[in-house]
Amino acid sequence: MYKGLENIKKRSRAVALGNFDGVHIAHVKLIDMIKKRARAFNLEACVFTFKNHPKEFIPGSEILKYINDTEKTMEIFENLGIDSLVMVPFDEVLQRMSPEDFVKDVIVERLGAKYVCVGYDYRFGFEGKGDVSLLDRLGKTYGFHVDVIDKVSVGGVTVSSSRIRKLIYEGDFEGVQKLLGRRYMIAGKVVHGKSIGRKLGFRTLNIMPRENLCIPSDGVYVTRTRVAMKSKVYDSITNIGTAPTFKGDAVSIETNVFDFNEDIYGDIVHIDFLKKIRDEIKFDTPEELSKQIAEDVRLAKDIHSEE
């Protein structure tokens, strides 16, 4: 992976351009196209993207939550079979670069693009002034061909990263899987918590997610947990919330892993989200909460048995 423009070795490439947050099914169409072009014309299949989203440079814009962390994004690209990944920080130099300079200095001089593939709504250059029409015209000037992938829809819904973030927050993981092409997953380190679950009779792993991720809304979820050090997947149930019964205020992610009773502090776990059971509830007593958790666990195990 190339992490800076100055490190890129110029080669003849078929290049997919975009933000690729989530690497959803529409993004995969772009990647399939550059792989096709690369095979046909003996080129290197390359993805060019940014480590951070350009929207972060727009004054007053809300903090963007990412669907995948960087490590997961890299893993997905590797599994898709591209030859090279260029993931550079979007900085002030790139922000101020005109569309014409971006094409000349980055796409042509740095990447050596012979074919470029983008989505129908791709924008580039200062203030996003460049669009697919300009890119096509510049391609004719500099000698590269432009393929444009039209919008992709599933059940009448246009596939987009923003739509997927909304579905994640709402807990619609069936909808997420249709648009993402796989289950939604959070990876994080196991850290020490307040041991509330253990006191209630349900031992949990407290997870600190990587980076600035899109997290589902407060609630209880049926999940599967992969313990990285063991390379094994366990059925589980996960609570996201502030523990209102205990007057908590900070959001935490706690996972009760079935048939697992080991201390793995510091290890990385991966949590796949299958279904939302309910919203987080404030109970009058810990005993009432414990009773509800037992019912949640029973329901989660029933759902797991049907998978």
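In which loop does valine 23 lie? I looked this up in the model, which is predicted.

**Entry 1: valine 23.** I placed valine 23 in the loop between β1 (13-17) and α1 (25-41). I then read its phi, which is positive at about 45° although the residue is not a glycine. Valine 23 counts as buried because its relative accessibility is 1%, under the 20% cut-off.

**Entry 2: aspartate 259.** I found another positive phi in a residue other than glycine at aspartate 259, near 60°. I located aspartate 259 in the loop between β12 and β13. Is aspartate 259 buried or exposed? I recorded aspartate 259 as exposed, because its relative accessibility is 79% and the cut-off is over 50%.

**Entry 3: helix α9.** I turned next to α9, which runs over residues 286-306 and has 21 residues. From first C-alpha to last, α9 reaches 30 Å, close to the 30 Å expected at 1.5 Å a residue.

Which residues of α9 are buried? I listed Leu289, Ile293, Asp296, Val297, Ala300, Ile303 and His304. These residues lie on the same side of α9 because they cover an arc of only 130° around the axis. In general, an α-helix has 3.6 residues a turn, so residues three or four places apart point the same way.

I checked what the buried residues of α9 pack against, and found β10 (219-227), β11 (232-241), β12 (252-257) and β13 (268-279). On the face turned away from the buried side of α9, I noted the exposed residues Glu287, Lys291, Ser305 and Glu306.

Technical notes:
Residues are numbered from 1 along each chain as its sequence is written. This is a predicted model: local features need pLDDT of at least 70, side-chain atom pairs count only at pLDDT 80 or more; totals for chains, interfaces and linings use all residues. Side-chain values use heavy atoms; hydrogens and water are left out. Helices (H or I, at least four residues) and strands (E, at least two) are DSSP runs, numbered from the N terminus. The expected span of a helix is 1.5 Å times one less than its number of residues. Buried means under 20% relative accessible area, exposed over 50%, partly exposed in between (1.4 Å probe, protein chains only). The arc is that of the directions from the helix axis to the C-beta atoms. Contact means heavy atoms within 4.5 Å.
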